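I opened my notebook to look up two ligands and one residue. Here is what I went through, entry by entry.

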Amino acid sequence: MSVSVLGSGAFGTSLAISLTGNGSVTLWSRDQDQAHHMQTARENTQRLPGVALPADIKVTSNIDQATKADVLLIAVPMQKLRDALQAQASDLAGKTLVACCKGIELSSGLGPISVIQQTIPDARPALLTGPSFADDIARGLPTALTLACADDSLSLTLQHDLTTANLRLYRTTDMIGAELGGALKNVMAIGCGAAIGAGLGESARAALMTRGFAEMQRFALMRGARPDTLMGLSGLGDLVLTCSSELSRNYRFGLSLGRNIQFDTHTTVEGVATARAMTEIATAEGLDMPISTTVADLSSGAYSVTEAIRALLNRPLKEE
Ligand SMILES: NC(=O)C1=CN([C@@H]2O[C@H](COP(=O)(O)OP(=O)(O)OC[C@H]3O[C@@H](n4cnc5c(N)ncnc54)[C@H](OP(=O)(O)O)[C@@H]3O)[C@@H](O)[C@H]2O)C=CC1
Ligand SMILES: O=C(CO)COP(=O)(O)O
């Protein structure tokens, strides 16, 4: 099996490292200088410092070379996915494309699978998602992920090809559920970070995670997901990880909001655009999503943390 990872950020680099024992691995960067630096320094100093790139990984900025592989993992941020696919559309036609991003596209309200289907209609799409920090994967720590794919035979092949000694993949055919679990947990992680950053305590975080999970289920079921998918790695599993660890960028962004301090605007924080997308869809569908709406307002600066707390606590009392 040969695999190329398109997108040399933290996650793409970690997946390339993890897959080196399984066959030939190419890591593609859109930036020629960055690709050259990684190829010679054997480290992604910009996005995943401190982890050596195994000698077997070929790093390139040549898309023709990269797209020769049997399987292409697409590891770019959700809001960049459409542009990234469109820019390479002719090279990607007919390929097996495994999206590795988590989010809802703000301009369309679609998840990664649908964006692939729109931009590269004859591609064979799948999604890799679930609780995993790039650093953990790169260091070979045990991780379990969800592989979502509608085509059973392709799904079995990918599960076999992408599983490693430390990376265990579970299959599902519920692509909508897997997409939304990964997308929506980032929104809740921002909320939890804000609560902890503002000193509201662990009980507040538990309440936000639980009621946030109820919102995730409500939203995902409305869009046709299966309830059990949300209970799995791509939903509950990733929610627990992301809402409780400072390794998460979404959680750290929330912490900065709660503490009223600046956050590096170059850092990828998927939950900000997804909160906005989720809120717009929920409003159009008449779905009650108070935490997501509050996170969207908090992230955009429309609400202060004090206003956000007031908005959530002053809602009418209801049954659980
Ligand atoms: N980091 C993690 O622990 C995990 C991340 N993910 C998901 O993976 C996705 C990517 O995240 P991550 O790798 O961490 O992000 P990073 O911010 O570390 O890297 C993003 C990468 O995408 C590249 N990129 C951006 N736009 C384009 C484009 N149009 N064409 C080609 N390449 C592009 C960037 O290139 P450039 O440097 O040139 O801008 C950069 O290499 C996200 O959806 C995230 O939720 C999932 C699980 C874990
Ligand atoms: O998706 C992740 C963990 O599963 C990574 O989370 P962040 O994007 O918040 O760092």
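Asp, Glu, Lys and Arg count as charged, and the others, Gly among them, as polar. I also noted that this is a predicted model.

**Entry 1: ligand 2**

I sorted the shell around ligand 2 into those classes. I got four nonpolar, five polar and four charged residues. In total, 13 residues surround ligand 2. The closest are Lys102, Lys185, Asp238, Ser248 and Asn250.

Next I looked up polar contacts. A polar side-chain atom of Lys102 lies 2.7 Å from an oxygen atom of ligand 2. For the side chain of Lys185, I found an N or O atom 2.8 Å from a ligand 2 oxygen. Gly130 uses its backbone instead: an N or O atom there is 3.3 Å from an oxygen of ligand 2.

Then I checked the cover. On its own, ligand 2 has 300 Å² of accessible area, and the protein covers 93% of it. Two elements give two or more residues to this shell: α12 (233-244) and α13 (249-259). The largest share, three residues, comes from α12.

Where does ligand 2 lie relative to domain 1 and domain 2? It lies between them, because domain 1 (2-173) and domain 2 (183-314) both give residues to its shell.

**Entry 2: ligand 1**

I turned to ligand 1 and found 21 residues around it. Arg47, Ala134, Arg249, Thr268 and Glu270 are the closest. The shell divides into eleven nonpolar, four polar and six charged residues.

A side-chain N or O atom of Arg249 is 2.7 Å from an oxygen atom of ligand 1. Phe11 has a backbone N or O atom 2.9 Å from a ligand 1 oxygen. For Cys100, the backbone distance to an oxygen of ligand 1 is 3.3 Å.

Taken alone, ligand 1 exposes 900 Å², and the protein buries 89% of that. The elements giving two or more residues to its shell are α1 (10-18) and α4 (78-87). Both domain 1 and domain 2 give residues to the shell around ligand 1, so ligand 1 lies between them.

**Entry 3: Ser61**

I found Ser61 in the loop between β5 (58-60) and α3 (63-66). Ser61 has a relative accessible area of 27%, so I call Ser61 partly exposed.

Leaving aside neighbours within four places in sequence, Ser61 is in contact with Trp28, Ser29, Asp31, Gln32 and Ala35. I also checked His36: it is 25 residues from Ser61 in sequence and 8.1 Å away in space, C-alpha to C-alpha.

Technical notes:
Residues numbered from 1 in each chain as written. Chains lettered and ligands numbered in written order. Predicted model: local features only at pLDDT ≥ 70, side-chain atom pairs only at ≥ 80, totals over all residues. Heavy atoms only, no water. Near = heavy atom within 4 Å. Polar contact = N/O pair within 3.5 Å; in protein donor to acceptor, adjacent residues only side chain to side chain. Areas by Shrake-Rupley, 256 points an atom, 1.4 Å probe, with all protein chains shown as cover. Helix = DSSP H or I, 4+ residues; strand = E, 2+ residues; numbered from the N terminus. Domains from an automatic or database assignment. Buried < 20%, exposed > 50% of the residue type's maximum accessible area, 1.4 Å probe, protein only. Contact = heavy atoms within 4.5 Å.
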